Amino acid sequence: MKGYLGMDKMCLNLGPQHPSTHGVLRLILELDGEKVLSAEPDVGYLHRGLEKMAESKNYIQYLPMVDRVDYLSGFFYSYAFCNAVEILNHIQVPEYANYIRVMLLELNRIASHLLWLGTYLLDLGAISPMFYTFREREDIVTYFEKVTGQRLMYNYFTFGGVRHTDIYLNEVKNIVEKIYFKVDEYESLITDNPIFISRTKDIGVISKKKALDWGLTGPNLRASGILQDYRMNTPMYDDIEYDIVMSSEGDCYSRYIVRIYEIRESVSIINQCLEYLTTIELPNIECSRVPILNNPVGEIYSFVEAPRGLTMCYLNSVGEDTPYRVKWRTGSFYSTQILKEVLKGVNLSDVMAIYGSLDVVLPEVDR
Amino acid sequence: MLKQLYLSTKAILRGHYTVLKHLFRKPVTEEYPEIHPFLNPKFRGVHVLENCKGCGYCKRVCPSNAITIIKDDSLPSRYSIDYSKCIFCGNCMYYCPSKSMKMTEAFEVATSNKLDLSYDVENRRM
């Protein structure tokens, strides 16, 4: 096996214990000098059987588990599962609960993007931005703890609404105002930085066709120049005005730009929710009864636009207490698969820059 | 070329200014073991059980089967939560019909003895 200049090709195992893989991903790289000839992502080190687990637990028992699919954006998975059960049982969600849900989802999206921003810059060698993004994320996470009881595993959405309406709107207002200005601070550090630009511009380009072929969704797809946002198709977002952020280059830099602008978009969505929630009087509910679910026979497919792409929950019920089958479609799984194509022919030093820009979270890949 | 050099220098200087500003700000971190973190009243930590009627709802909604209720003559005689199984999801608290289950702000349950990892209420009307 001889490569360029008669040198031997080398097989390199990147991971599973590599600090930049944000979890346990093993990349089997075939190297010729510094060039990557082929890459094979090997997933499954974090498999917890969350789909099979659903078949032995009833709906109420399974609800706290779905936050664990992706620990950085637990609300999205809670919402997808709740929505599937609501459609199955024809449960109507009150309007105020929808607005609370949207507000929390968007806050969670900001928290998730902030964590991505910090750790991505850390992968590229910058230390300071991580501290700043974690500082702002801490405010959001502390707010989530105040409302739901825990920082990452919320268990707050229930079938037919939210668990209680004891939410602190003033705090959301403060957080949102702060973040809007802090994003400018991040941009002053990162966006025009020549080192960052040379590490990310024209690196890891994913063309329109490639992105569609490999099933990319979310910010990664929008960075490749395709106008697709599943919030458009979610009835919850009908009364809310927002812009869809899009970039056309498809490289690592445009994926960064899309996420930074999405934070600003989320801030405007939260402001609209706050406007509505402060005008109405929130009913003082406390969900304490076990909800009565008839669970008729049927198949439901519910979806939501999560920070890492389209999240879908397939639910198959045969009329029993437990679901017959639950299947999760997560964005990260598809972002991992495309590495096989994108990493061909790049330098080894760019592997982590490309992989980090796709915002993969491994528990979401393996479930 | 010169313009690019100017823009790069400007961007780097702007970044340095942003970072250096933080030298004169207060630290935002807390030194955990010395300073106990402030937790909100809704925090889901170790359980406290009062006036339990032994209906067993908590056992049915628990996702990890951590709750055991042993009954003598239809009255509960022993109630225990296994903290090696509990995931602190709060289902037992949320769905308790008599609101007798509460979760406190204590979260340090780590121990070197496995038998300490349980919350037991025994031999009284719970």
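The model is a predicted one, in which local features require pLDDT of at least 70 and side-chain atom pairs count only at pLDDT 80 or more, whereas totals for chains, interfaces and linings use all residues. Residues are numbered from 1 along each chain as its sequence is written, and chains are lettered from A, with ligands numbered from 1, in the order in which they are written.

Chain A contains 14 helices and eight strands, where helices (H or I, at least four residues) and strands (E, at least two) are DSSP runs numbered from the N terminus. Its C-alpha trace spans about 70 × 45 × 35 Å along the principal axes. The radius of gyration of chain A, 21 Å, agrees with the value near 21 Å for a compact globule of 367 residues; this quantity is taken over C-alpha atoms, and the globule rule is 2.2 Å times the number of residues to the power 0.38. Of the 367 residues of chain A, 46% count as buried, a residue being buried if 20 or more other C-beta atoms, placed from the backbone, lie within 10 Å of its own, exposed if 12 or fewer do, and partly exposed in between. Among contacts in chain A between residues at least 6 apart in sequence, 70% join residues at least 24 apart, with two residues taken to be in contact if their C-beta atoms, placed from the backbone, lie within 7 Å.

Chain B has three helices and five strands, which follow one another from the N terminus in the order α-β-α-β-β-α-β-β. For chain B the radius of gyration is 26 Å, whereas a compact globule of 126 residues would have one near 14 Å, and its C-alpha atoms fill a box of roughly 90 × 30 × 25 Å along the principal axes. Buried residues make up 19% of the 126 residues in chain B. Among contacts in chain B between residues at least 6 apart in sequence, 69% join residues at least 24 apart.

Within chain A, an open sheet of three strands has the order S6-S7-S8, with antiparallel pairing; two strands pair if DSSP finds at least two bridges between them. Strand S6 (298-306) and strand S8 (325-329) of chain A stand at the edges with a single partner strand each, so one side of each is left without a neighbour in the sheet. The twist from one strand to the next averages 10°, with axes fitted as lines to C-alpha atoms (for helices over the stretch in contact) and angles running from 0 to 180 degrees between N-to-C directions. S6(A) is joined by nine bridges to the antiparallel strand S7 (residues 309-317) of chain A, and A:Ile300 has A:Leu315 in S7(A) as its bridge partner. These two strands, S6(A) and S7(A), form a hairpin with two residues between them.

Helix H3 (residues 74-89) of chain A packs on this sheet, touching S6 and S7 of chain A, and its direction makes about 150° with that of S6(A). The axes of H3(A) and helix H4 (residues 95-124) of chain A come within 8 Å and cross at roughly 140°. In this contact, A:Phe75, A:Phe76 and A:Tyr79 of H3(A) meet A:Arg101, A:Leu104, A:Leu105 and A:Asn108 of H4(A).
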